[in-house]
Amino acid sequence: MGVTKNIQSREAVEKIIGNAFPEKEMTGYTELSEGLCNIAYRIEFSDGSKSILKIAPQFNRTLLRNEKCLMNAEVNAMKLAENIPNVKTAKVQYYDTSKALCTGDYFIMECLEGESLVSLQDKLSEEEKARIYSEIGNIVRDISGIKGEYFGPLYDSAEKFHKLYDFVKMLIRNVLADAEEKNIIIGGSPEEILFLLEAHKAVFGEVSPVLVHYDLWEGNIFVKNGHVCALIDWERALWGDVLMEDRFRRHSVNDPFLKGFGQTVFSREERIRTLWYDIILYLTMMTEGRFREYPDDSQYRWIKPYFDLSWSELKSM
């Protein structure tokens, strides 16, 4: 979809797979199209097994300021998530950052069963959807049971923050700089946004860091036999506030999810934090298309009204 996808020839894929699995014979590969940043291939072997090869953008490709070392963060997150109950996370089979065979980092993982929720939505009844979103709520609660020692991204060299506010401020300053670089019209000046964030500083005080997947849209949730069976794409995972999770955003939250999560009523402080997390995501989505050179501005036009609603509500709090 965007220029960040580091597309490889069959010959290049065969070299990568041959280096990782010299004892196995690759018989086929298929590009998986649902991802928006990395390229991924399903690899088939002569023994009937399958794996997924995921390749990061070229090391010199310009990404958003908050998109540092995403593959390193994903591998770290997947290792943390291996023992989360009620959901499957793929095991990493091989990881290479040498750039010897590819212009980007890559890793190979086991191929999980199931279909993405986004591909199944039109086939599911309202009752089935409600059950699935309730299960997602349970899973988000389980993920948040993994406690961290600091706030920040999961890549090895990430800056570590002792206060949630400092981490949130960094995320917002970065995405505002991205928007300014690409001349994105956001509907609020950076100075106004940062001034209001400072005014709300106290609401970020009493929060402990937990593991957050941070990108649980329907394309990253696998379903089998009517139940959630796996989560993929942990590259944006971080140590943060559980309310940072994608499922709490204005455009995606729903009652079955909240009931499954175990909380349907939120304090004023929690509501303000939730709105600030809306702002971070919506500014990111309004901006990323310019960096990835999407063919049109449909994502910007879709998400801008959600930003406007959350920003207006924040200013009234």
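Which residue in β10 is the bridge partner of V223? I looked it up: V228.

I noted the ground rules. The model is predicted, so local features need pLDDT of at least 70, side-chain atom pairs count only at pLDDT 80 or more, and totals for chains, interfaces and linings use all residues. Residues are numbered from 1 along each chain as its sequence is written, and side-chain values use heavy atoms, with hydrogens and water left out.

**Sheet.** I traced an open sheet of three strands in the order β6-β9-β10, with antiparallel pairing (strands are DSSP E runs of at least two residues, numbered from the N terminus; two strands pair if DSSP finds at least two bridges between them). β6 (115–116) and β10 (227–231) are the edges; each has a single partner strand, so one side of each has no neighbour in the sheet. I found four bridges between β9 (residues 221–224) and β10.

**E74.** I placed E74 in helix α2 (residues 70–81) (helices are DSSP H or I runs of at least four residues). E74 counts as buried because its relative accessibility is 1% (buried means under 20% relative accessible area, with a 1.4 Å probe and protein chains only). Its side chain reaches the backbone nitrogen of W234 at 3.2 Å. Leaving out residues up to four places away in sequence, E74 touches K54, F107, D233, W234 and E235 (contact means heavy atoms within 4.5 Å).

**Helix α1.** I listed A12, V13, I16, I17 and A20 as buried in α1 (residues 10–20). They lie on the same side of α1 because they cover an arc of only 130 degrees around the axis (the arc is that of directions from the helix axis to the C-beta atoms). The buried residues of α1 pack against β1, β2, β3, β4 and β5.

How values were computed
Buried < 20%, exposed > 50% of the residue type's maximum accessible area, 1.4 Å probe, protein only. Polar contact = N/O pair within 3.5 Å; in protein donor to acceptor, adjacent residues only side chain to side chain.
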